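Please read the points below next to the model.

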Amino acid sequence: MHHGTTITQFIAEEQRHAPGATGEFTALLNDIVTACKMISNQVNHGALVGALGSAGSENIQGETQKKLDVLSNQMFIQCTEWSGHVGAMASEEMDEIYEIPKEYPRGKYLLTFDPLDGSSNIDVNVSVGTIFSILRMADNAGDATERDFLKAGTEQVAAGYALYGPSTMMVLTTGNGVNGFTLDQNIGEFILTHPNMTIPTETAEFAINASNGRFWEAPVKRYVDECLAGKEGPRGKDFNMRWIASMVAEVHRILTRGGVFMYPIDSKMVEKGLGGKLRLLYEANPMSFVVEQAGGASITGKERIMEMQPEGLHQRVPVILGSRDEVERLQGYHNEG
């Protein structure tokens, strides 16, 4: 595929070679692309249309929802519910699964999404994004239940994210590597600009919220201390630290230039009875799929995230992902501990 290929052409071409492809999957991805264009437009014009600030409601995690979160959630549903490709969806912003209204046909795919990741950054104009994942419905044609969504990440058919940064990008995997598309505002189309994205294995950059340092477990403390020791330390090189507090932006940076991103479990989370910070279904699994397809690795500490058996729609997990060498080193430290 050459530069200048639209995302629609790209997906259609890719699916043409898929055994037994019906065109449904292509159509569903197109609906997701449309949703992301609409959200991008809303994010870009947020301040002008009074969409910034809090909506005064809390989502299931008890976080105050920003108006744009709520709008983005609605847009995502509106763009995907009507077409007959989706059997049900689940979103970080909704307590229960979203059943397709009776007037629309049901499809054979399940959709999970985080409509506006990093939304606490909206008011300070820092990059936010949308994360999504597609699963197959079970063949027995009944209504989807929550249990249908509780599949290991290895079962994902596709995953990706849209990044609403200085330019709007969409990064996508259907299990054959990772490709990046940039929204050409003049024609309103995503164009292939980053074919076959791969994560460099060698890196000297890590991302973590250092203010939680006193709560970290020993393996993470050890890793970060060694990075901070720089040239004179055991790693023999200087490291940079980054922290954007927007997972989409963090993962995008790692796909572009390598690095490792950590949101590990810490004693503060354990005290609150939380298994981690990021959501398995809406953030950790889709991003792990993208990262692994780009040659990186993604773990909770000891285990591969995509092999976890989810126990609930809003389950949280620790996340360590990025350049393979660094993630494997961290996994080694966890297993020693």
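1. Asn 196 sits in the loop that joins strand S10 (189-194) to strand S11 (205-207). Helices (H or I, at least four residues) and strands (E, at least two) are DSSP runs, numbered from the N terminus. Phi of Asn 196 is near 45 degrees, which is positive although the residue is not glycine. Its relative accessibility is 58%, so Asn 196 counts as exposed; the cut-offs are under 20% relative accessible area for buried, over 50% for exposed and in between for partly exposed, with a 1.4 Å probe and protein chains only.

2. On provenance: this is a predicted model, in which local features need pLDDT of at least 70 and side-chain atom pairs count only at pLDDT 80 or more, while totals for chains, interfaces and linings use all residues. Residues are numbered from 1 along each chain as its sequence is written, and side-chain values use heavy atoms, with hydrogens and water left out.

3. Ala 245 is another non-glycine residue with a positive phi, near 65 degrees. Ala 245 belongs to the loop between S12 and H6 and is partly exposed, at 39% relative accessibility. Just after H6, Gly 258 has a positive phi of about 85 degrees.

4. The whole structure holds 6 aromatic pairs, where rings of Phe, Tyr and Trp (its six-membered ring) pair if their centres lie within 6.5 Å, and planes under 30 degrees apart count as stacked, over 60 as edge-to-face and the rest as tilted. Trp 243 and Phe 261 are stacked, because their ring centres are 5.7 Å apart and their planes are at 0 degrees. Trp 243 lies in the loop between strand S12 (240-242) and H6, and Phe 261 in strand S13 (residues 260-263), so the pair ties together parts 18 residues apart in sequence. Trp 243 is partly exposed at 26% relative accessibility, whereas Phe 261 is buried at 2%.

5. Trp 243 also pairs with Tyr 263, edge-to-face, at 5.6 Å centre to centre and 65 degrees between the planes. That pair links the loop between S12 and H6 to strand S13, across 20 residues. Tyr 263 counts as buried, at 16% relative accessibility. Through these ring pairs, Trp 243, Phe 261 and Tyr 263 form a cluster.

6. How many of the 11 residues of helix H6 (residues 247-257) are buried? The count is 9, so H6 is largely enclosed by the rest of the structure. Among them are the charged residues Glu 250 and Arg 253; for the classes used here, Ala, Val, Leu, Ile, Met, Phe, Trp, Tyr, Cys and Pro count as nonpolar, Asp, Glu, Lys and Arg as charged, and the others, Gly among them, as polar.

7. The axes of H6 and helix H8 (residues 280-293) come within 11 Å and cross at roughly 10 degrees. Axes are lines fitted to C-alpha atoms, for helices over the stretch in contact, and angles run from 0 to 180 degrees between N-to-C directions. H6 is therefore roughly parallel to H8, given that angles under 35 degrees count as roughly parallel, over 145 as roughly antiparallel, 65 to 115 as roughly perpendicular and the rest as oblique. Met 247, Val 248, Val 251 and Leu 255 of H6 meet Glu 283, Met 287, Val 290 and Val 291 of H8, contact meaning heavy atoms within 4.5 Å. By class, this contact has 7 nonpolar, no polar and 1 charged residues.

8. Helix H2 (residues 24-44) packs on helix H3 (residues 67-80) at an angle of about 155 degrees, with the axes 8 Å apart. H2 is thus roughly antiparallel to H3. Their contact counts 11 nonpolar, 4 polar and 1 charged residues.

9. Helix H5 (residues 218-229) and helix H9 (residues 324-336) pack at about 135 degrees, also with axes 8 Å apart, and are therefore oblique to each other. On the H5 side the contact includes Pro 219 and Tyr 223, and on the H9 side Leu 330 and Tyr 333. The residues of this contact divide into 5 nonpolar, 1 polar and 5 charged.
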